[in-house]
Amino acid sequence: MTIALTKKDFASDQDVRWCPGCGDYGILSAIQKTMPELGIPKEKVVFISGIGCSSRFPYYMNTYGFHTIHGRAPSFATGVKITNPELSVWVITGDGDGLSIGGNHLIHSIRRNLDINIILFNNEIYGLTKGQYSPTSERGTVSKSSPYGSLEAPFKPISIALGAEASFVARTHDKNQKHMSDIFLRAAQHKGTSFVEVLQNCVIFNDGIHDPVYGREVREDNTITLEHGKPMIFGKNNDKGISLDGSKASIVDITKEGLDAVSIHDENRENPDHAFVLSRMMQPHYPVPMGVFRDVERPTYETQLHAQVNQVEREKGEGDLKKLLFSDETWEVK
């Protein structure tokens with residue numbers, strides 16, 4: 001008999017040790033709420049993290065989990081998924097962990113398209129190590145490691161994921177529980193690597209960094225919700241829209257140009273060009289997109305790998321490691 005699980009079933013007995021008011025609480029709550037909707041037993045779920053505030057996440061989930069080394073969570077997740085393809089595998093990482101020391105691991109895990117879910121918390125700062133600028137900090141960010149302003153151009157996580165040929169890419173934020181939960185559910189249902197950026201507030205070292213995007217007073221004009229098959233409209237009166245023409249996005253005044261001038265969002269578009277243009281939209285010139293940028297089908301890595309191994313075994317029989325090591329040319333080292 002299958003027992004229906006609840007959000008509480010996925011909460012561990014550990015005290016949650018994030019700063020009061022941290023955006024991580026909202027993300028944790030949204031994922032715990034989403035888990036029962038997947039219909040997967042707790043014993044079939046694994047959360048894997050690297051290093052950073054966000055990476056304390058596995059402690060707070062009543063599932064299996066690994067708190068691993070800096071930036072290497074995607075590598076551990078790759079091993080777990082290949083050897084246990086029936087598991088639901090989640091990678092939890094931050095903008096520093098995932099895009100700095102772990103940048104290469106993140107890119108290649110996305111490129112391979114394992115059936116895993118990567119959630120990147122983006123607060124545009126290193127929180128655990130007390131406030132250095134991170135790979136997503138805006139140029140000119142004054143921090144403990146850049147007292148005169150950072151000089152580097154920031155990474156845009158969605159653009160990086162699309163450039164790595166991600167088959168599922170989405171963005172949400174820590175102030176909207178329902179939207180987060182809906183996006184996490186879509187990510188889990190996707191067959192392949194899902195990459196979700198969550199805009200997250202760090203109350204201590206970068207408080208309010210996303211307020212110009214999703215602050216209560218501005219969110220209707222400064223964000224746009226992407227919905228597949230629907231025109232991309234936004235604004236308090238839904239009177240503005242986005243028109244995509246090649247590599248250019250422009251804002252449409254619907255009251256003057258009409259709804260037909262607004263582009264329809266197609267998350268299943270095989271060519272990622274439109275999704276990439278959307279990923280470059282940011283304040284103060286454009287509303288920031290929330291929702292699914294891209295959702296396309298690609299063969300998963302672990303499925304192809306196991307099929308290849310089975311084919312080789314059928315043709316050549318089971319492998320023999322000792323025979324392999326002593327085959328062909330050998331050298332004696334003196």
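Trainee: Where is Leu-325 found?
Mentor: This is a predicted model. Leu-325 lies in helix H12, which covers residues 321-325.
Trainee: Is Leu-325 buried or exposed?
Mentor: Leu-325 counts as exposed because its relative accessibility is 56%, and the cut-off for exposed is over 50%.
Trainee: Which residues form the nonpolar patch on the surface?
Mentor: The patch is formed by Leu-321, Leu-324, Leu-325 and Phe-326. Together they have about 500 Å² of accessible area.
Trainee: Changing topic, which residues does a cis peptide bond join?
Mentor: Gln-283 and Pro-284 are joined by a cis peptide bond, with omega at about 10 degrees. Most peptide bonds are trans.
Trainee: And where is Pro-284 found?
Mentor: Pro-284 sits in the loop between helix H10 (273-279) and strand S11 (288-295).
Trainee: Now the backbone angles. What is the phi of Glu-124?
Mentor: Glu-124 has a phi near 60 degrees, a positive value in a residue other than glycine. Most residues other than glycine have a negative phi. Glu-124 is in the loop between strand S4 (117-122) and helix H5 (157-163).
Trainee: Is Glu-124 buried or exposed?
Mentor: Glu-124 counts as buried, because its relative accessibility is 14% and buried means under 20%.
Trainee: What about Lys-130, where is that found?
Mentor: Lys-130 is in the loop between S4 and H5. Its phi is also positive, near 75 degrees. Lys-130 counts as exposed, at 52% relative accessibility.

Technical notes: Residues numbered from 1 in each chain as written. Predicted model: local features only at pLDDT ≥ 70, side-chain atom pairs only at ≥ 80, totals over all residues. Heavy atoms only, no water. Patch = residues over 30% accessible without salt bridge, like charges linked within 9 Å, V, L, I, M, F, W, Y side chains within 5 Å. Areas by Shrake-Rupley, 256 points an atom, 1.4 Å probe, with all protein chains shown as cover. Salt bridge = Lys/Arg side-chain N within 4 Å of Asp/Glu carboxyl O. Helix = DSSP H or I, 4+ residues; strand = E, 2+ residues; numbered from the N terminus. Buried < 20%, exposed > 50% of the residue type's maximum accessible area, 1.4 Å probe, protein only.
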